[in-house]
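Here are some notes to read alongside the structure, written for someone meeting it for the first time. Please keep the view open and find each site as you come to it.

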Amino acid sequence: MSVMLLFLAAIAAIIIWWMAQQRLTSRPWLEVGRLGQPGGGERSQIPPAKIGLYVFLGVVGALFSLFISAYLMRVGTPDWWSTPIPRLLWLNTAMLIVSSAAMQWAKTEAERGRDDTMRTALLAALATAILFLTGQVFAWRELTEAGYVLADNPANSFFYVITGMHGLHILGGLVALGRTTVKAWSAPASRSLRLSVDLCAVYWHFMLAVWLILFALFAGWANDFADLCRQLLT
Amino acid sequence: MVDIRSDASAAIPPAEVEDVELYHPRSWWTKYVFSQDAKIIAIQYSMTAIAIGMVALVLSWLMRLQLGFPGTFDFIDADHYYQFITMHGMIMVIYLLTALFLGGFGNYLIPLMVGARDMVFPYANMLSYWLYLLAVLVLAAGFFAPGGPTGAGWTLYPPQAILSGTPGGKDWGILLMLSSLILFIIGFTMGGLNYVVTVLQGRARGMTLMRMPLTIWGIFTATIMALLAFPALFVAAVMMLFDRLLGTSFFMPAIVEMGEQLKQGGGSPILFQHLFWFFGHPEVYIVALPAFGIVSDLISTHARKNIFGYRMMVWAIVIIGALSFIVWAHHMYVSGMNPKFGFFFATTTLIIAVPTAIKVYNWVLTLWRGDIHLSLPMLFALAFIVTFVNGGLTGLFLGNVVVDVPLSDTMFVVAHFHMVMGVAPIMVIFGAIYHWYPKVTGRMLNEAMGQIHFWVTFLGAYLIFFPMHYLGLLGIPRRYHDLGEAAFVPESAHTLNAFISVMALTVGAAQILFLFNLVWSLKKGREAGGNPWRATTLEWQTPQTPPAHGNWGKELPVVYRWAYDYSVPGAAEDFIPQNQPGLGGPTREAAS
Amino acid sequence: MAVVLILVIVAVGSVVFHLFSPWWWTPIASNWNYIDNTIIITFWITGFVFVAVVLFVAYCVLRFRHRPGNRAAYEPENKKLEVWLASVTSIGVAAMLAPGLFVWHQFVTVPPGTTEVEVVGQQWLWSFRLPGADGKLGTSDTRAIGDGNALGVNPNDTNGLDDLIIEGGELHLLVGKPVKMLLRSVDVLHDFYVPEFRAKMDMIPGMETYFWFTPTRTGTFEVLCAELCGTGHPQMRGTVVVDNEADYQTWLQEQQTFTQLLAARQEQTTIASSTSSSK
Ligand code: HEM
Ligand SMILES: [Cu+2]
Ligand SMILES: [Cu+2]
């Protein structure tokens, strides 16, 4: 559970940082009267949807941290043979990076009010993300054909389950991004559209980060870390 | 009164109160069925939770019949008994308590108490309910599926949960259970985002965090915990589904099942337990924190006194919430995990006792020199204090690793968790329903029926679960369909078991009276008016009762004070609503 | 004042029940009276707190219940009181935790010179294995389970050949001799639990767990399974007999070794195959 605890520590740090600004030591019974702006000046100006997304990313982060924790508890047991990393994964990773970059581009263009380039950027992001997913499916097929099937070995099982879970999250993101793209092409950019683009970009960067961590894990770069955790915990 | 910031804030230009674009129902269907109004969703959540909770209650009768009078009821064989405890436990913990506190009370109270028109994401809120309903239906489908529901115990420990020695292990039961949990978690996440963001971003002007009622603090903290803890159950459920359906070995070690070598191997049952309790322990507090918050408000309102040590109460809620993520393995002291963990987890567990104790002190100190109205909500709050203190103290036995060794997996544990997370939160739920029913319906619940309901429930539940500890001390294990012959068990223990069962049936009967009261008072109850308890919090200050769509008339309320201005010296009344600027009444000028 | 009266009855009644109820732990038969003592300390501390809180509530209700014209006092907080209460609580908690951790340390530290006994759980039967003349248990593996080898003893490990195997029978232990119970399961979770010994531990397929204790009096004790293991869970009973030296040796002589078991099995199969072939 070490990775999950690290993740929680990060969340706790954010919460503490936020709470530190909330005057939690004030004596509310002494402070009668108007206090500042809406929410007493303590409500941030970030739109609710964005806060909602951040909270959601916290949940997704917890989910993957737990998968990784489970992986690290199981890795290296006697029946464990590492799954080879299909070459294709490198290409997929590149696709996802491009996709994320395109999202960032779309976001900047949207902020600057350049609708046309924003639309192109959105399309690029959408296309590369779809390519990523297709690539993942091909990578799975390649592995299965090479005999690395789901139930044969825990390494394979974890690989399929975790990449599958990541793929599902990208798929969900694609639905949102797809709707945003359609909206962007059908009407001039509005404030709500710009917000949607912004949200998609945040989500995309987050899923890219998750993917990079997972990739490092499967490639075995995290083994030293795993050993460390095991030493700490057993 | 010190009015430190009123001068400074007078200079601040009135900020534009951004009115949320409110969703407006167009037809009967979107008004009452596919409604996006948090109040309707709250009622839907509550009714569904109570309905499935009744199923769990009936199951508990059947179990008690078997335990009290073993062998009398042929149809409760071992398979059925295990299916009953599993469904009873899971329904009570997740589909009743979690759903009712967060989905029910959370939805109803958050927007009203923080002074918002509705939740920030009404559509997701609606989806949340429908996913919950679907989860309940999938769960209940287990009763009709081939092989029946799963009988793995609510902890669903593998490998047993997915093997044929357990009812439902190789049939539909476990699949339906896991799918239902996954649906519940997805649905809950949608609702949970709403609760959190509404508290963060939906508060009315002047509603600083430290002016929020403790109810909101409890629900808010519990929701954050649930959002972080439920993924662990999700991960465990997904991995178990793979093990069961696709032959992976996440949790499956080499096993000889009924003389046959299984293909799977190498997996770790303990891994599941870690995931399960990483969710399971916070879950206890996910149920407890809203109860803590609500009961604080009940006590304060009905004792006409501000909650004692409000700041401590807030900090305690937050600290308990944080600590509860590093105590999970106290459920695994005798699970065979590395025994060294015992030292760490026993220490963290007993540390949690300190903030919890502080909360108890502050509740009883609120009563001290109060003006205690023994209304039904207050009675239930007192019953909560008694049962919670009792159950919390036996938690010190089980948390103290070595003491847990003889007691774990005995009836002592069953008695402990029923007292602390069964009876105590349910007392709060009842108190809360008696307290807020007038706001939801405009009418009071019938007092006479309420008194009977209270006394039978409180004393009956205490008589069920207090003696039960001693059966555990004696050594009777839990989850025993039939104790059979055991040399160390005296005959008198069977008599006690029979007594407990009779009490369980009596308590159950009282709940039927309560349900009847809920329906009867809808039409026949005394008219309540807008603020029958003369309470300070915002939900009692709505222009209409029950609150109309959008909660507040044209203008959102502005908050001038904290939630606990009861019996303020110099004020005309013994309460000052949160949205009232001055002390009110004739003394107003003099005091300010 | 019905409420006050009932609260007092609840507090006092609980104590009276505790003192006079006939239901109490079974007479101990192991060295773990330390655990019993820790429980007693905990009962005292928690009992005191429970009675104090409930009586305090009762008093408040009696004294401060609503009467016309009453008004509650106004007191948002009292730092000194809160700090004081928190400190006293911390001390009480420490007073329970410290002995607890101390005894836990003993519980998980097996003293030298302890004999080993293996317990194997399966649905819904207890089996046991004792080291043979060499004083060592052979290795085992669930995969090795098969005909004549119900416990999965590794047939290639010479240490295991003289191990005594008791399938589904009684286990005998020597009084006064510390014993380490090595716990193993071949199918699902079980938990080896003898109420008189106070100790218990889950048995997990795929790994080995343990606890140790010293039987302190002779007698026959019932083994219960304390971890849900399927439909037969409550029927999964066994027997442990704590013997004096002479009885123990007699019993030991009657047990079969792994080699004997395998041989017997072989004989049976050859007889079976010869009868079937002659038919
Ligand atoms: C008067 C009401 C209730 C009665 C009579 C009752 C009775 C029982 C009984 C007889 C068992 C099985 C004990 C065993 O054989 O191990 C049980 C288990 C359980 N109950 Fe209740 N119960 C009640 C209310 C509740 C409530 C409100 C909760 C909510 C927390 C709850 C949660 C559980 C859980 C989690 C289990 C464990 C299931 C398992 O072992 O897998 N019960 N209850
Ligand atoms: Cu716990
Ligand atoms: Cu069992």
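**Notes on metal sites and helix packing**

1. Along the chain, the residues that supply donors to the copper ion (ligand 3) follow the spacing C-x1-E-x1-C-x3-H. In this predicted model, those donors are C:Cys225 (SG), C:Glu227 (O), C:Cys229 (SG) and C:His233 (ND1), and they coordinate the copper ion at 2.1 to 2.6 Å. The angles that the four donor atoms subtend around the copper ion (ligand 3) run from 87 to 129°, and the arrangement is therefore tetrahedral. For comparison, the ideal angle for four tetrahedral donors is 109.5 degrees.

2. Because B:His281 belongs to helix α8 (residues 269-302) of chain B while B:His331 sits in the loop between α9 and α10 (341-367) of chain B, the pair ties together parts that are 50 residues apart in sequence.

3. At the iron atom of ligand 1, the coordinating residues are B:His88 (NE2) and B:His418 (NE2), at 1.9 to 2.0 Å. The iron atom has six donor atoms, with angles of 87 to 179° among them, and its site is octahedral. Since B:His88 lies in helix α4 (residues 78-114) of chain B and B:His418 in helix α13 (residues 411-441) of chain B, this pair ties together parts that are 330 residues apart in sequence.

4. Turning to helix packing, which way do α7(B) and α9(B) run, roughly parallel or roughly antiparallel to each other? Helix α7 (residues 214-246) and helix α9 (residues 310-323), both of chain B, pack at an angle of about 15° with their axes 10 Å apart, and they are therefore roughly parallel. The crossing in which α7(B) passes α9(B) is right-handed. Among the residues making the contact are B:Trp217 and B:Met225 of α7(B), together with B:Tyr310 and B:Ile317 of α9(B); by class, the contact has eight nonpolar residues, three polar ones and no charged ones.

5. In chain A, helix α2 (residues 48-74) and helix α5 (residues 154-186) pack at an angle of about 175°, with their axes 11 Å apart, and this makes α2(A) roughly antiparallel to α5(A). The contact includes A:Phe64, A:Phe67 and A:Arg74 of α2(A), as well as A:Phe158, A:His166 and A:His169 of α5(A). Its residues divide into eleven nonpolar, two polar and one charged.

Technical notes: Residues numbered from 1 in each chain as written. Chains lettered and ligands numbered in written order. Predicted model: local features only at pLDDT ≥ 70, side-chain atom pairs only at ≥ 80, totals over all residues. Heavy atoms only, no water. Axes fitted to C-alpha atoms, helices over the stretch in contact; angles between N-to-C directions. Helix = DSSP H or I, 4+ residues; strand = E, 2+ residues; numbered from the N terminus. Parallel < 35°, antiparallel > 145°, perpendicular 65-115°, else oblique. Left-handed = near helix turned anticlockwise from the far one by under 90°. Contact = heavy atoms within 4.5 Å. Nonpolar A, V, L, I, M, F, W, Y, C, P; charged D, E, K, R; others polar. Donors = N, O, S within 2.8 Å, 3.2 Å for Na, K, Ca; no water. Tetrahedral: all angles 85-135°; square planar, octahedral: opposite > 155°, others 65-115°.
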